[in-house]
Amino acid sequence: MRRGVAPLWLRRAITLGHRLFETVASLAFGVMALLFAYTIIMRYGVGTPSRWSDELIVILFLWVVFGASALVVPVREHIAVGLVVDNLSPRLGRWLVALGGITAGLILLAALPVTLDYIGFLWRERTPAMRWPLSRVYLIFGLFQGVMGLRLILEALLPFVQPDPSQSPDPSQSTERPT
């Protein structure tokens, strides 16, 4: 196995996990749309507003946005300011992006215990309509913070571990036997 290339089973597991999370996020968004329609029908058709559906829409929205952001959306598709990096040489730009990714990832991971402590503190408080503990509602923030911290660090290190696909492999380094 070449250096920097993930085994096939790991790549398949990552692809399967990505598809699973993408499907769950899509289904949750569909449920949000149905709940929104239900809320409108109850409020304007029946004349009785539904508090629980409004609350569930907000909770699902939080989970879809932060969950998909952490688990589905590629890091390169997140908001970035490329003004400085675009004006540097590719090599220096790669180092600057890596430094920024590692720094942001370490900050997110370093602050994670405080975030989880606060989320744990919220078990006392409950949502107004459904009476769910706020610790369950806001758990997605901790998950987002931890996953994004790890993803930023891994994405920053990936270009230095993975071989550059634009460079052709050196035939003298090949382990294959000529036929």
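Is tryptophan 52 buried, partly exposed or exposed, and what is its relative accessibility? Tryptophan 52 is partly exposed, at 39% relative accessibility; buried means under 20% relative accessible area, exposed over 50%, and partly exposed in between (1.4 Å probe, protein chains only). This is a predicted model, in which local features need pLDDT of at least 70 and side-chain atom pairs count only at pLDDT 80 or more, while totals for chains, interfaces and linings use all residues. Residues are numbered from 1 along each chain as its sequence is written, and side-chain values use heavy atoms, with hydrogens and water left out.

**Aromatic pairs**

- The structure holds five aromatic pairs (rings of Phe, Tyr and Trp, the last by its six-membered ring, with centres within 6.5 Å; planes under 30 degrees apart are stacked, over 60 edge-to-face, the rest tilted).
- Tyrosine 38 and tryptophan 52 form a tilted pair, because their ring centres are 5.5 Å apart and their planes stand at 40 degrees.
- Tyrosine 38 belongs to helix H1 (residues 8-46) and tryptophan 52 to helix H2 (residues 51-71), so the pair ties together parts 14 residues apart in sequence; helices are DSSP runs (H or I, at least four residues), numbered from the N terminus.
- Phenylalanine 66 and phenylalanine 141 pair edge-to-face, with centres 4.7 Å apart and planes at 75 degrees.
- This pair links helix H2 to helix H6 (residues 139-161) across 75 residues.
- Phe66, Tyr138, Phe141 and Phe144 form one aromatic cluster.

**Leucine 108**

- Leucine 108 lies in helix H4 (residues 90-121) and is partly exposed at 24% relative accessibility.
- Beyond its neighbours within four places in sequence, leucine 108 contacts Gln145, Met148, Gly149 and Leu152 (heavy atoms within 4.5 Å).

Note on methods. Helix = DSSP H or I, 4+ residues; strand = E, 2+ residues; numbered from the N terminus.
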